[in-house]
Structure formats: structure tokens, C-alpha cells
Amino acid sequence: MWGDWCDWGWTMRKATLGLLLLLACAATCDQSGQNQDGDQKGPLRRGHVSVVVVGSTGDLAKKYLWQGFFNLYASQVGKGYSFSFYGGGLSPDSRGTPLLFEILKSQDCPVDVSDERCALVREQFLRLAQYRQLKTEEDYQALGEHIETQLKQEGIVEAGRLFYLSVPAFAYADIAQRVNRSCRPPGTAWLRVVVEKPFGHDSNSAQELATQLASSLKEDEMFRIDHYLGKQVVSQILPFRKGNRKLLKSIWNKHHIDRMEIVLKETLDAKGRISFYDQYGVIRDVIQNHLTEVMTLLTMSVPKNLTDCKEINRNKLKVFNALHQLDMPSAVIGQYQTYNSEVQHELNKTKDHFSLSPTYAGIAVHTSMPQYDGVPIFLVSGKLLDERVGYARIIFKNNVFCVQDPTSITCKPKQIVFYIGHGQLQYPAILVSKNLFKPALVNNGWKEVTENDDTLLFGIPMSDYYIQTPVVQQEAYTELISQVFRGRRDHFVSAESLLASWKFWTPLLNSLKHTFPRPYPGGAANANLLDFQLQGREVRFCSEALVNMIPQEQTESFQVMQGKYRSADMVSAWSKELVERLAHDLQEAAEEAVQEGTPFHLALSGGSSPLALFKQLSQHHYAFPWWNTHVWMADERCVPPNEAESNFRTIHDHLLQHVRLPYFNIHPMPVQLNQRLCVEEDGGALVYERDIARLINASSFSYVLLGVGFDGHTASLFPGNRLDTSGERLVALTESPLKPHQRMSLTFGAINRARRVSVLIMGKGKHELVTQLSRIKDTPDRWPITKIQPGNGKLVWYIDYDALLGQ
């Protein structure tokens with residue numbers, strides 16, 4: 001039967017192609033080359049388009065892709081194009097053909113197509129389709145030859161070829177190579193290849209995949225699809241912002257926005273997708289792509305031209321470059337309780353196997369963009385939650401104080417909601433609180449909703465919102481397939497943007513690799529178990545976990561311990577508690593200085609050890625007297641201060657930009673003078689020394705924080721440096737055995753004049769060093785740290801248990 005259908009279909013294909021060309025009406029172009037249908041610039045080519053769906057009988061193709069291509073065909077009949085549709089797969093023709101045509105026959109006609117025309121269009125669509133096995137290099141060669149033969153026999157000009165790879169990502173590179181070798185169209189006809197997420201699972205794999213694809217395809221031939229960008233509401237975020245720019249200009253900033261929420265909740269579990277899901281988890285599955293794309297649309301500068309993909313991409317990259325790095329305290333994760341048993345069943349794992357893949361995540365993102373500095377952006381998604389819904393919500397501050405009528409519209413929360421779909425509304429919409437402004441419609445295809453029911457959205461009746469929704473709801477894939485056909489790239493992911501996204505998310509994913517997710521029962525039973533709160537810039541669950549997913553051995557818990565080390569005071573604890581204690585002691589010393597009526601002069605050294613301390617100070621010590629604190633450098637590398645290797649840059653990025661420290665209280669070392677770095681004749685060390693003498697009483701710092709290198713150096717005082725140890729010089733140029741070799745450093749004399757000196761040592765890697773230092777005498781030439789002996793001040797060692805005990 002199916003063999004007869006194919007023979008008849010091929011006979012009718014020739015007649016149908018000719019019929020469609022006869023039916024084609026000429027579409028006109030304006031002088032700029034833009035045709036009236038909004039297609040790409042250039043003369044309208046009445047040419048032939050070959051569409052090839054690789055993986056044509058899979059779930060994605062069955063649910064969305066063929067419907068999208070059918071809608072495309074229905075919209076283009078009579079507009080100058082003819083089509084062929086090829087469903088490709090690994091199965092032989094005898095198995096693939098009936099599967100494909102069962103899918104094709106079930107496609108629905110667009111709402112604007114009459115029943116009579118629908119029957120004709122569907123019949124034509126079926127006649128233009130065929131299944132082909134695409135498994136080997138030879139299969140792709142045969143496909144390419146078939147397309148060429150068909151075009152010659154019909155005498156049709158070729159417009160282009162569209163390949164949609166609905167296959168696992170590991171197959172992309174091989175298929176792209178085969179398309180390039182065997183199916184690339186000749187002459188000026190275009191080639192467009194669509195690939196689906198996931199585009200890698202971390203920064204390295206994404207880069208590797210991008211490199212592989214770039215060896216076969218040009219960037220403008222690749223369309224990386226994120227179907228969320230085709231959602232009707234998501235696609236209108238930028239038009240909404242641009243269309244209402246005069247009203248938004250004064251309020252779309254940190255002074256008025258309280259926070260942003262981007263949420264995608266699902267009620268389904270991961271059954272049937274475990275083999276994929278357990279490798280990726282919720283962050284890789286939807287947050288790194290869907291929710292991150294929405295975040296960039298909300299925070300990027302609105303481009304002058306909303307269809308200029310290059311400008312959009314540049315603005316997105318600026319967003320990524322300004323995002324603060326995420327780490328473990330930036331997120332909370334969970335896993336629904338039956339997930340692990342599903343993993344054991346579907347992946348044939350033993351009963352003692354435990355998966356750490358999160359099925360829920362709540363993440364707080366911050367940016368250094370001045371417009372949004374201090375505004376938290378919450379990204380939340382999970383499976384087996386209470387409802388299926390997607391939205392982005394901008395919540396504004398409301399400074400109105402209502403004395404008698406708190407139900408007044410002016411007293412209610414102010415928000416703009418991009419309601420992507422499902423949930424209580426059951427339709428996509430953009431909602432604006434009536435106590436903000438009345439927005440303009442985003443385009444002619446949208447309408448205002450004026451009749452409201454009793455539905456409450458975020459606890460507020462619908463009558464308190466201005467609401468607009470699409471006149472006709474359209475599936476995301478239909479819109480995106482249409483844009484691929486038209487060559488529009490503004491709703492697709494560029495290689496640069498993709499790699500920037502993975503660069504941002506990979507550190508968090510690595511930090512969570514061995515973290516146990518909080519278990520949750522699923523659905524309404526979750527109650528408030530997954531609620532989290534922002535503390536400083538960290539997120540934490542609001543309630544304690546009621547159950548443990550994995551029994552863990554009780555480990556001995558040490559309290560902060562005090563003792564002696566090299567005849568000086570020592571404080572020891574696990575790293576977290578040690579940093580908390582050091583931050584407490586530092587604030588106590590600062591407050592003591594302020595009480596005495598003197599500024600607090602703090603000198604900080606470089607290295608990675610103080611980073612945890614900087615974070616603790618900026619996020620948890622809001623009472624620290626920064627207004628009366630001066631920050632100095634204990635040492636500096638001879639590089640420009642804006643470079644990543646600069647100690648000042650490190651201190652700025654991790655501490656100074658997060659606290660309210662007066663600008664004139666910040667004292668970077670002058671390593672760059674006269675457009676030169678650390679030249680003795682420029683006198684940079686002497687300039688810094690004079691500043692110290694001018695601002696600090698008796699040139700005695702209130703507090704100096706140091707670390708110790710594996711070779712025993714401290715600040716930038718290295719073994720073998722010939723420095724004046726008489727105490728007369730305060731600042732000197734030094735030499736490091738490592739690049740960059742030139743350094744500037746406080747001298748032993750300057751450090752030993754301080755009222756208090758602390759030495760911070762952390763990590764198992766420093767255990768051997770700590771052991772050696774405990775046994776040796778004072779030998780500054782070999783171990784410079786042993787020369788740190790404050791004359792009238794106090795020395796305290798802060799050593800964590802990893803470094804002290806080596807465990």
C-alpha cells in the first residue's frame with residue numbers, strides 16, 4: 001500500500017510543483033528590497049525550497065515541527081515559492097514512510113484558512129512530502145543528488161535548503177559535515193541549518209560543539225533555536241519596552257525596581273526523559289537557556305532596530321559581561337522524592353545509587369550594570385510543583401503610605417507581568433498595574449482585555465491591571481520556523497551569546513556538583529518547603545529540611561579554637577567559621593578606632609585567600625564603619641589597575657564596589673605613572689610613602705591583613721629580596737620569581753609599625769607550609785613571613801583546620 005502511495009506521490013509531485021508555480025502571484029518589493037510580506041531583503045525569488053527534517057518521526061517533530069512547517073506552507077502558497085518536504089531518519093523507508101505520513105495527516109490548518117482551502121492545502125502538502133533514510137554519508141549524497149535532479153527536471157530556480165536537526169546534540173557535528181559535503185546548494189541559493197538545545201553541558205563542551213559546527217557551516221547558516229524566544233509574550237518584551245520607552249524611562253532602574261522574577265514551573269515529573277535529564281538537571285535544562293534569554297531581554301539596552309540581530313547580540317553580551325559570578329550560596333536546589341527511584345528504574349541502577357541532579361532550583365543573579373545595581377533577579381524553575389506556569393515579573397517599589405484605605409489602587413503593589421502562558425490565566429498576556437501607567441499595544445496583532453473575571457493574579461484582582469493579549473495564539477515553533485524561512489536571526493541564539501551564557505553558568509554548576517538537593521514531595525504537598533529568601537547576596541531556604549534524602553555520617557564539629565603559633569596568638573576553625581571570626585574581629589577593630597575618634601586605616605594584600613573574607617564583609621557586615629575607613633594596598637603587581645592580575649582590581653571587584661566607601665578613602669598603589677609601569681625614576685613608591693605619612697598618624701596602619709605563599713613570601717616580600725630592614729622606608733619596588741616579576745610592596749618596617757597584623761592561611765595545600773613554619777627560627781632571607789613582628793602592635797595567625805591539620 002505504502003509503495004503504491006509513494007509511486008503515486010512522486011508522479012503527482014511533478015504536476016503539483018507546476019500547479020503551484022502557476023498559482024503563484026507576484027509579490028512586490030519596495031525600493032529598499034523589502035517585500036510586503038516582511039521577508040528578507042533582496043528581489044523576491046520565485047524559487048524552490050527544500051525542507052529536510054532529520055529526526056522526522058520523533059516526539060518534537062510529531063508535536064511541533066511538522067505543524068510549524070505545514071503552517072509555513074499554508075502561509076506561502078501563492079507567494080512565489082514552491083516546496084519539497086523530506087522527513088529523514090535512521091529507519092529504512094519501509095518503516096519510516098507510514099510513521100511520517102500518519103504524523104503529516106494529523107496536522108491542523110491555521111485558523112484563518114477556510115475548511116475548503118484547508119483540504120486542498122493539506123492534500124498538496126502530503127503530495128510534496130516523502131520519507132528518506134538518512135543514516136550514512138551515502139544517504140546524504142543520494143539526497144543531494146535527488147534534489148538536484150528534481151530541480152533540473154522541473155526547470156525550477158532554487159531559493160534554498162532548510163535542514164532542521166531534531167536529533168541528539170552529539171549527532172550535530174557529523175550531520176552538519178554531511179550536509180556541507182553533499183547537500184549544500186550551488187550558486188546563490190541559501191542554506192539554513194536549525195539545531196535544538198542542548199548546545200553543550202558546560203563552557204568547554206559548548207565551545208567544542210561551536211568549533212565543530214563552524215568547520216562545516218558559516219555562522220549565518222546556523223539557527224540555534226530556543227523555542228522560548230518564539231513564545232508570543234517573550235518575543236514582545238523588547239517591542240513593549242521600546243513602545244513604552246517614554247513611560248518606562250524614569251522607572252526602569254534600581255531606584256524604582258525592587259526585584260525581577262523569572263519563573264517556569266512544571267507539574268510533570270521527568271519520567272521518560274531520565275536518560276537525558278539526569279545528565280543535565282533543571283539548571284542546564286531550562287534556566288541556562290530559556291530563563292537566561294528572558295533575563296537578557298529584560299535587562300539589555302533596547303536596540304534602535306529590533307530586527308538588527310547584530311545590535312541585539314552586542315547588547316546581550318554587555319549584559320553577560322556585567323553579571324556577578326555565581327557560586328554555591330547563589331542558589332538553592334531540590335529534588336522531588338521519587339526522582340531517585342525513577343533513575344534507578346530507567347537507568348538500571350542499583351538500590352544504593354543516589355542521583356544528585358536537581359529538579360528544582362532558585363537562583364539570585366546580580367549585575368554591576370549601573371541601571372540595575374543592587375536589584376536581585378530571581379530565576380526559579382522546577383518539576384513536580386503546584387502548577388504549570390511561566391512568567392517574568394518586574395516588581396516596583398511602592399513608597400505610598402496609606403493611612404486609612406490600604407485597598408486603594410495607589411497602595412497596591414506595582415508590577416509589570418509578562419505572562420508567558422498556562423497557570424491561572426490560561427492565555428499569554430502582558431499586564432501592567434493600573435497604578436503604574438496605561439501601556440500602548442505592542443502591535444496590531446494584540447488586543448486589550450477589558451472583561452475580567454474573579455481571577456486573582458499574585459493576589460491582585462484582574463481589574464487592577466491593564467491587560468493585553470494576542471488576538472490569535474500561535475505556537476512558538478510556528479513563529480520560529482517562519483523566521484528561519486525568512487532569514488531573520490533576531491530570535492535565535494548566536495555563538496557568542498551562547499558561549500557567554502555557559503561561561504556565566506558553569507562555575508555555579510561546578511560548585512553544586514557534589515551538593516545534596518533538598519527533597520520535596522511534589523505538588524501541593526510541597527507547601528513552603530521550597531521557599532527561599534535573600535540574605536545579603538546569598539539565598540537560603542526559609543525553613544529547615546524535614547527529611548534527609550541520603551543518610552550522612554555525623555562528622556565531628558570543631559568550634560573556633562584559640563592557641564599559640566610561633567609565639568603569637570592563633571585562631572583556628574573550619575574555613576567558613578574562620579572567615580566569620582576574622583570578619584568579626586576586623587569590624588571590632590574598626591569600631592574601636594572610630595570610637596577613639598581616628599580613621600581606620602586598613603592595608604590589604606593580594607591573593608585568593610582573602611576573597612571569602614571580602615564576600616563576608618560585603619554581604620553580612622552592614623554595620624561596618626566604611627565611611628570612616630581608608631583602604632590601602634599591602635602590595636601590588638606592576639600591571640595596569642584595570643587588568644585581571646591587578647590586586648587592586650581583585651579587591652575592587654570583590655569588596656570595594658559592594659560597600660559604601662568614600663572614593664577619596666581608597667588608595668591604590670601608583671604602579672603606573674607617566675604611562676610606564678614601576679619605573680624607579682618615576683618615584684611611585686615614594687609617592688605612596690608620602691601619602692601614608694601624610695594621612696596616617698606615625699605611619700602606623702590600624703590593621704594589615706597578610707597571606708603567606710608556598711615559598712614563605714608575604715605581601716610582595718620574597719625570599720632573597722634585598723630590602724632595607726632598618727624600618728626607614730615604607731614602600732619599595734621588589735622582584736617576584738613569578739610573572740609579573742615587578743611588584744610594589746609595603747616594607748617590613750611599614751608592616752611592623754601597624755597596631756595589628758593578621759596572617760590568613762587556608763586550605764589543605766598549605767598544611768606542609770604551616771608545619772614547616774612551626775619548626776623554623778626567624779630566617780627572613782629564606783622565610784620572609786618570619787620577619788613580621790609588630791613592635792608595639794599585635795600579630796594574630798588565622799589558620800583553618802585544613803591547613804593546620806591537613807584534613
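Biologist: What should I know about the model before we start?
Modeller: It's predicted, so local features need pLDDT of at least 70 and side-chain atom pairs count only at pLDDT 80 or more, while totals for chains, interfaces and linings use all residues. Residues are numbered from 1 along each chain as its sequence is written, and side-chain values use heavy atoms, with hydrogens and water left out.

Biologist: OK, where is the kink in H10 centred?
Modeller: On Gly281, and it's about 100 degrees. The bend is the angle between axes fitted to the seven residues ending there and the seven starting there. H10 covers residues 274–299; helices are DSSP runs of H or I, at least four residues, numbered from the N terminus.

Biologist: Why is H10 described as largely enclosed?
Modeller: Because 23 of its 26 residues are buried (under 20% relative accessible area, 1.4 Å probe, protein chains only).

Biologist: And which residues does Trp505 touch?
Modeller: Leaving out residues up to four places away in sequence, Trp505 touches Ile283, Ile287, Gln288, Thr292, Leu326, Ile363 and Leu379. Contact means heavy atoms within 4.5 Å.

Biologist: Switching topic: is Asp490 buried or exposed?
Modeller: Buried, at 9% relative accessibility. Asp490 sits in the loop between H13 (476–486) and H14 (495–511).

Definitions and conventions:
Helices (H or I, at least four residues) and strands (E, at least two) are DSSP runs, numbered from the N terminus. Buried means under 20% relative accessible area, exposed over 50%, partly exposed in between (1.4 Å probe, protein chains only).
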